[in-house]
Amino acid sequence: MLSRRWSLLFIAALSTFGQARTQLDLDSFEKVWTTIRDKHWQTKPGGLDWQAIHDEYRPQVEMAASHDEARAVIQEMLGRLKQSHFAIIPAVVYTVLDDEGPTGSGTTGIDARVLGGHAVVTSVDPDSPAAQQGVRPGWEIERTHGIDLEPLIKQGRSNPAIHELQLTRAVLARLSGPIGGKLDAVFLDGSGKTVNLSLDLTAPRGMSSAFGNLPEQHVWFENKRMGQTAYVRFNLFLDLPHVMASFQQTVENCRTCDGLIIDLRGNPGGIGGMAMGMAGFLVDKSNQRLGTMYLRDSTLNFVVNPRAKVFSGPVAVLMDGCSASTSEIFAGGLKDLGRARVFGTPTAAAALPSAFERLPNGDGFQYAVANYISEGGQPLEGLGVTPDVVVELTRSALLAGHDAVVDAAIDWIRKKP
Amino acid sequence: MNRRVLILLLTVAGAAVTSVYGADPLPSAESILDRYVQVTGGKQAYEKRKSEIAHGMVEFPALGIKGTMTRYAAQPDKYYYTVDIAAIGKMETGVTGSIAWENSALLGPRVKSGVERAEAIREGNMNATVNWRKLYPKVESQGIETIDGEDCFKVVMTPAEGQPIIGYYQKKSGLQVKLTTVASTQMGDIPVEVIASDYKNFGGILEPAMVIQKAGPQEFTMTLERVEVNPAIPPETFTLPAEVRALVDKTEAR
């Protein structure tokens, strides 16, 4: 009797679980469908009768025998849009990416990318804890906070839902921690020797900058001369007054330069308008635009206002898979206008104000609210900017003290008549 | 003036206003626009105002961004408007003689042309409310719509150059509570909706202390805090900023 009562309870519990699962999937379906109905840039998303789509797919979600089946139905519905950046990200992906270990904004001064399936140091900030302890570009990072990075990279690379940008962010997150803390890391140096280091975690480079509801972020801007070539790099299109003024100063001091290199590798974007503002220092012709953004009720031209003083020499823009959004609008537009040559690797293909939200069932939902077409007629969302000259970083070149992408840009500038 | 005469006058005035809306359920656009001038202070109050400096706040709630705004205006058509937001920097726009311009840390200086220039010059007319006959050759009354539970007259004002403006005037109060248009900007034509509320007396003229403006994907609010009436505004306030001057010189040199 006792056992029967337990089994009844168990069956009831299972039944409740099933109902709860179905309801969560239905709630998730409704959230996805409603979001597209209300926020898609076309009133008839993808040219479809969106209400009819609802009536076709909701019964299928109701009938789904499992969460995976329900997700497949929602994915299929999104597929009917035939548009990029509408995706369901399985909840399990978040368990891979979210487990970042110790959290905090403390940094060792290392920037890294996944090259050939390994986390590799690509640059080290001067005077940073990593620089002081001798970490060099080209070193492999094997282990941080006592955990091997290889499984994360393997999972990330094998899952098509995880883009290079997300994987790199997940790797970089494992190189951070609380300010004032330590990062215990295991490296493989240039000679293949294992190096164990305990690195101080210090405040990120640059000045803390607030922009409305965005969390405060550290923004830095650097410029230098490489012979007669000016080089600028900044990590975000934020801290507008400071970054725009620094960019203007760089350009105005560059009257006799043989070229200008704008390094946007790792720059995830920021204030979209800054792309137009900066382009005004490089484009002298009126009525030019970087591209066009299509929203539900309006069309916005990303117009360039030529400044009174414009740099007219050759411009190289450096990009990689972590260059996104405003970086892509800037580089893609200048490339299409024939005003810049782009070097590096294809960009993140995330130019739109696309959003990620978690659904009631735990899955993620990515959707775009606008379409952006670069001046050359190509949508950046989902495609990104393809460099004019594809140059990949390699561990061996980094170990030899070379940044192959910068070298290629300088080489092009020097060969210009 | 004795009390009876005053009452008579008010009655006549009231009858005059009533007669405007009494017989015809849809009054003429002219009468609606004249009534707006009347209920916000009257023609004389507007004409007494030779210059003003308006101070307020601007906020983009969705972005969490706030700043200050200051609008300088002087008869007949001098205009300079500046918005200062810490995270974005200063944004200025103005009309100097026949040049309509804007300048910002974000997009740099530029000179407006075409329809955008025409709109800016209309905007720069200090007493646009009174001068609607000069600014809008064609006005039409197009029906009644309910806004926030109040019947409003819909008036379409068409300028000589540019898109029509549709104003909504409360039947009861005569105040303009909504305005829609399509603004010509360098980024393209953008649908604009303006909701005006909280009318307050600023130096003898009623003005909306709260304005919510939806322009394309952006929504922002402007709160008018105080208006300096007939202040002495230094002439250089209305001169072209150096960056805009340099741009004009460059264009003229070509």
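In chain B, Asp148(B) sits in the loop between strand S7 (138–147) and strand S8 (150–158), where strands are DSSP runs of E with at least two residues and helices are runs of H or I with at least four, numbered from the N terminus. Although Asp148(B) is not a glycine, its phi is positive, at about 50 degrees. Asp148(B) counts as exposed because it has 10 C-beta neighbours inside 10 Å; by definition, 12 or fewer other C-beta atoms within 10 Å make a residue exposed, 20 or more make it buried, and values in between make it partly exposed, with C-beta atoms placed from the backbone. The model is a predicted one, in which local features need pLDDT of at least 70 and side-chain atom pairs count only at pLDDT 80 or more, while totals for chains, interfaces and linings use all residues. Residues are numbered from 1 along each chain as its sequence is written, and chains are lettered from A and ligands numbered from 1 in the order in which they are written.

Ser325(A) lies in the loop between S15 and helix H10 (326–336) of chain A. Ser325(A) is buried, because 25 other C-beta atoms lie within 10 Å. Back in chain B, the peptide bond from Gln75(B) to Pro76(B) is cis, with omega near -10 degrees. Pro76(B) belongs to the loop between strand S2 (65–74) and strand S3 (78–85) of chain B.

Turning to the sheet of chain A, six strands form an open arrangement in the order S10-S11-S12-S15-S16-S20, with mixed pairing; two strands pair if DSSP finds at least two bridges between them. The edges are strand S10 (221–226) and strand S20 (389–390) of chain A, each of which pairs on one side only. Strands S15 (residues 315–319) and S16 (residues 341–344) of chain A run parallel and are joined by four bridges. Within S16(A), Phe343(A) is the bridge partner of Leu318(A). Helix H12 (residues 404–415) of chain A packs on the sheet and touches S10, S11, S12, S15, S16 and S20 of chain A, contact meaning that C-beta atoms placed from the backbone lie within 7 Å. The direction of H12 makes about 165 degrees with that of S15(A); axes are lines fitted to C-alpha atoms, for helices over the stretch in contact, and angles run from 0 to 180 degrees between N-to-C directions.

Not counting residues up to four places away in sequence, Val317(A) touches Ile262(A), Leu264(A), Ala331(A), Leu334(A), Ala340(A) and Val342(A).

The contact between the chains takes 22 residues from chain B and 22 residues from chain A. On the side of chain B that touches chain A, strand S11 (188–202) and helix H6 (242–253) of chain B give two or more residues, and H6(B) gives the most, with four residues.

Terms used. Contact = placed C-beta atoms within 7 Å.
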